[in-house]
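The following note concerns the aromatic ring pairs of the structure shown below. Please read the points alongside the coordinates.

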Number of protein chains: 6
Amino acid sequence: MERIALFPGSFDPITRGHESIIRRALPLFDKIIVAIGVNADKKSFFPSEQRKAWINELFADEPAVEVIEYEGLTVDVCRKHNANYILRGLRTSADFEFERMVGQINKKLDQDIETVYLLTMPEYTTLNSSVVREVYKHGGDISQFVPVTVKHRRVAPKE
Amino acid sequence: MERIALFPGSFDPITRGHESIIRRALPLFDKIIVAIGVNADKKSFFPSEQRKAWINELFADEPAVEVIEYEGLTVDVCRKHNANYILRGLRTSADFEFERMVGQINKKLDQDIETVYLLTMPEYTTLNSSVVREVYKHGGDISQFVPVTVKHRRVAPKE
Amino acid sequence: MERIALFPGSFDPITRGHESIIRRALPLFDKIIVAIGVNADKKSFFPSEQRKAWINELFADEPAVEVIEYEGLTVDVCRKHNANYILRGLRTSADFEFERMVGQINKKLDQDIETVYLLTMPEYTTLNSSVVREVYKHGGDISQFVPVTVKHRRVAPKE
Amino acid sequence: MERIALFPGSFDPITRGHESIIRRALPLFDKIIVAIGVNADKKSFFPSEQRKAWINELFADEPAVEVIEYEGLTVDVCRKHNANYILRGLRTSADFEFERMVGQINKKLDQDIETVYLLTMPEYTTLNSSVVREVYKHGGDISQFVPVTVKHRRVAPKE
Amino acid sequence: MERIALFPGSFDPITRGHESIIRRALPLFDKIIVAIGVNADKKSFFPSEQRKAWINELFADEPAVEVIEYEGLTVDVCRKHNANYILRGLRTSADFEFERMVGQINKKLDQDIETVYLLTMPEYTTLNSSVVREVYKHGGDISQFVPVTVKHRRVAPKE
Amino acid sequence: MERIALFPGSFDPITRGHESIIRRALPLFDKIIVAIGVNADKKSFFPSEQRKAWINELFADEPAVEVIEYEGLTVDVCRKHNANYILRGLRTSADFEFERMVGQINKKLDQDIETVYLLTMPEYTTLNSSVVREVYKHGGDISQFVPVTVKHRRVAPKE
């Protein structure tokens, strides 16, 4: 059976931490579907088309990576795309507590889907999209936090 | 490339938590090597032959599981057995902090070996071998904590 | 002196975890007052009458359980209802840090009121009302997470 | 049914943190049995008779407190003394993780025994017997850490 | 070189915990700049002039304490005021995880600025401004949580 | 008043993490005393003369660093050497819980001594002396974990 993993997140924007997890997980799976969560109730900072374009460009040469947008329960999206694994990165023990809750609920909703965790590399442990947005909003330089495809010229944020 | 995972531990004795991690990880890997740590400096409670026999019997029908004893650095054993993955279970955030330290050191010692984590199922979160030994030593019933192949008749512990 | 405990929460909706804590605590107290927090500033998902009805129905045969709605400081509600104990469940260490803060502030506001904690059972460790709401909103099946009295037919949420 | 709690520990020596937990829990229980763990394998610092004498003297005027020594599984001692509750103090989230493991194992060994937790008061959060012993060994003043009945004149420690 | 520290926060309102950190850090630095964060997007509870006045009055006799308002990245404010240190208090391990993320991002944004941490005193571990506001809103007595200069008469909050 | 900090530890051996903390703290203090704990009860891996020589050589050009050996309570050594600060590095939240306990006990033993914490740099977060010893014992390469002055040729360990 093919090993297909879903990597869900808001990727608002994708960080070097996300990129590193995907690249390290590639040998483990036959396909990785990067699933950009779109939430009708919660405005994102960057438009979803922009977030998707950055990831597509980043993995343009990597046929095993596919990028989708999704709404709804993660396990439903997994089933729709035949993904039998969910991939997640773990950074801190605060992360861990949250991920454990989500992972065990997903297991209860569909016990055939396993969540597989990789540790983020130490240099990316403090990185998350919300910090990147904060630096960006105040005009700081985010180039060391995001992949090269995330253009540093200012795009107009949604709000 | 084959996906071979090493699952290192002292398994003194193997618990239902260990068993569950191995069974859930089997579809993800082509082979899982259960590696029983043997430490010249630190006495185990059950003899290593006993610990190995319990695991071998438990996975007798599962050709993708192999059981070995080892001493030394985990990454060295991985290289010797062509394992490109280390498999670990995560139970609590205390676990997480410890596993992160070990995982990142292993990554520094050999960056081609990835450690892959699964969450233990909620019912096994509180289980570890040291608790099982404690209950066993005081004559408590350990049958709900260990796989069926771990015989409940008292074997003479080493010390 | 009678031992009366207040069990405060938003119960939006009550989960099997809440139910389990109340049932296990019943032998310890002469009365348990389930106190549904009503917050003028923060919209709830289910109307408070609905939340109250579910709990009342669940404990219809249990005279030691009383259900009230409240607003304001927990210690003030305790004093008003002669409760000398606050009952709380602990699930994770993230919970613990939060509960410790709240518990110690309450102790400073009224040192005659003790907060008593029970651990949630392992199978309910990952359950909380916000996760239940999330599953519910996306049309998932919440019956394994909530007591039988929480009807699964869709009630119209407030917002 | 009487509410009898067992408060197990090594009390090597009893600290002001222990004393505070017992005094605060007294209104909740009809009897509290302070159970001094005696472990054949692990030498204590102060002799068990000394540890017991300190606690007995401290609660001489409190008929609801009883002091015993015990060996073996905590749940076995509970059953022997008709205790249906185990009482524990929680200081830090590291404590919490450990106590959760122990509490859930005890629940599995005897589901009729509930463990009830109180938070230690902030001023005792950093106190534990091992720190007290360390200060004592190096000739520091331990009087602010232990109840008045723990005499400050040097008793000859066991080892 | 002068040792100048920036102590950033929202101080909405300043608590006894904040006051204690500043007083204990004074001998370590030649100047401490208390920097009140003003966030255009996020309404504060007390007006910034009020927050500033309380702190100014509190340290009226302390020439080494200066109070400013700021917006934007903390490292930018440090550079503008020649502060080579950021001062922070640590209360709980939840705090720690958050502070580590912020501290390491700041280090990446400007590696010449060091963040220096003090532990809050045990009696202030559970105190934070949001708890103080909650008690205040419900008419509770906040005098034990805030410095004497924070007047207890009700000022009209912003919202 | 001079700002003198004591940096206590076993340094068995000193790691790059220790070195980094000392170098980063140098501008904050007029003198840093690296204090090697010598414990009569607990055998070290490397002899204390060796541990001291490595540190002395590492900071040979740095007159503000002094190296001593000590036994007993840290606050007593501080007083003896006129150190009014204790310097510590924080790596993980597990560290934090332990350091908080030690820090608050030290504060109770002598409230004129402040403990000042720096975060370890992300790349050293997983490093500690016990891991280095483990790698060393099994013949692994420790050069990326220790300062250059820690010779990699095998010295005969004590035991």
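1. Phe96(A) has a relative accessibility of 0%, so this residue counts as buried. The model is a predicted one, and the burial value is therefore computed from predicted atoms, with buried meaning under 20% relative accessible area. Phe96(B) is likewise buried, its relative accessible area being 0%.

2. Across all chains, the structure contains 39 aromatic pairs. One of them is formed by Phe29(A) and Tyr85(A), whose ring centres are 5.6 Å apart; because their planes meet at 50°, the pair is classed as tilted.

3. Where do Phe29(A) and Tyr85(A) lie in chain A? Phe29(A) belongs to the loop between α1 (16-25) and β2 (31-37), while Tyr85(A) sits in strand β4 (residues 85-90), so the contact ties together parts that are 56 residues apart in sequence. Phe29(A) is buried at 3% relative accessibility, and Tyr85(A) is buried with a relative accessible area of 5%.

4. The rings of Phe96(A) and Phe96(B) also pair, with centres 5.6 Å apart. Their planes are at 10°, and the pair is therefore stacked, since planes under 30 degrees apart count as such. Phe96(A) lies in helix α4 (residues 93-109) of chain A and Phe96(B) in helix α4 (residues 93-109) of chain B, which means that this pair joins two chains.

5. A cluster in chain A also deserves mention. Ring pairs link four residues there: Phe45(A), Phe46(A), Trp54(A) and Tyr136(A).

Note on methods: Residues numbered from 1 in each chain as written. Chains lettered and ligands numbered in written order. Predicted model: local features only at pLDDT ≥ 70, side-chain atom pairs only at ≥ 80, totals over all residues. Heavy atoms only, no water. Phe/Tyr/Trp six-rings, centres within 6.5 Å; stacked < 30°, edge-to-face > 60°. Helix = DSSP H or I, 4+ residues; strand = E, 2+ residues; numbered from the N terminus. Buried < 20%, exposed > 50% of the residue type's maximum accessible area, 1.4 Å probe, protein only.
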